[in-house]
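Trainee: Please take a close look at a single part, the place where the chain begins to have secondary structure. I would like one connected account that also sets that part against the rest of the chain.

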Amino acid sequence: MFGFQRLDVYRCAVQFLAIAARLGAQAPRGYGSLAEQLRRAALSIPLNIAEGSGKSDRDAQRFYAIAGGSALECAAIVDAFGALGFMQPSELTEPLELLERVVSMQI
């Protein structure tokens, strides 16, 4: 097992990635670009955490900041899905809680 795979923040990011894939599939026709943006941003989170774990402190912080920015971007997209009626309010809770955990964790 790689060191980054032991990190709670990485595990939350991977868990959110699975949810994002399902959410993206729920987007109605005409919103494929929004769904694709969610998938790309969601994938960016664990990838940047993993890559940052193998870098020096200064470089690592840059990758972790990118991961955090991608998590914030995902939160905004999840909000958009809710505002556009693609998700029920009860469906917003889990993905937003995972993203909040990712953003709040110090890596």
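Mentor: A residue is called buried when its relative accessible area is under 20%, exposed when it is over 50%, and partly exposed in between. The model is a predicted one, and the part to look at is helix α1, which covers residues 8–26. Asp8 belongs to this helix. Its relative accessibility is 39%, so Asp8 counts as partly exposed. Setting aside residues up to four places away in sequence, Asp8 touches Arg101 and Met105. Another pair shows how sequence and space compare here: Asp8 and Glu97 are separated by 89 residues along the chain, while their C-alpha atoms lie 14 Å apart.

For reference, a disulfide needs the two sulfur atoms within 2.5 Å. Cys74 has 0% relative accessibility and therefore counts as buried. The structure as a whole holds zero disulfides.

Now the setting. The chain has four helices and zero strands, arranged along the sequence as α-α-α-α. Helix α2 runs over residues 32–53 and includes Ser44; helix α3 runs over residues 57–83 and includes Gly68. Ser70 is also in helix α3.

Ser44 has a relative accessible area of 17% and is buried. Apart from neighbours within four places in sequence, Ser44 is in contact with Ile66 and Ser70. Ser70, at 7% relative accessibility, counts as buried, and its contacts, again without residues up to four places away, are Ala41, Ser44 and Ile45. Gly68 is buried too, at a relative accessible area of 19%. Gly68 and Ile45 stand 23 residues apart in sequence, with 7.1 Å between their C-alpha atoms.

The totals for the chain complete the picture. Of the contacts with a separation of 6 or more, 68% join residues 24 or more positions apart. Buried residues are 37% of the 107 in the chain. A compact globule of 107 residues would have a radius of gyration near 13 Å, and the chain, at 14 Å, agrees with that. Along the principal axes, the C-alpha atoms fill a box of roughly 45 × 25 × 20 Å. The accessible surface is about 6100 Å², and carbon and sulfur atoms hold 53% of this area. As for charge, the chain has 10 positive and 11 negative charges, and their mean positions are 7 Å apart.

Terms used. Residues are numbered from 1 along each chain as its sequence is written. This is a predicted model: local features need pLDDT of at least 70, side-chain atom pairs count only at pLDDT 80 or more; totals for chains, interfaces and linings use all residues. Side-chain values use heavy atoms; hydrogens and water are left out. Helices (H or I, at least four residues) and strands (E, at least two) are DSSP runs, numbered from the N terminus. The radius of gyration is taken over C-alpha atoms; the globule rule is 2.2 Å times the number of residues to the power 0.38. Buried means under 20% relative accessible area, exposed over 50%, partly exposed in between (1.4 Å probe, protein chains only). Contact means heavy atoms within 4.5 Å. Accessible areas come from the Shrake-Rupley method with a 1.4 Å probe; for residues, only the protein chains shown count as cover. Lys and Arg count as positive and Asp and Glu as negative; His and the chain ends are not counted. The place of a charge is taken as NZ of Lys, CZ of Arg, CG of Asp or CD of Glu.
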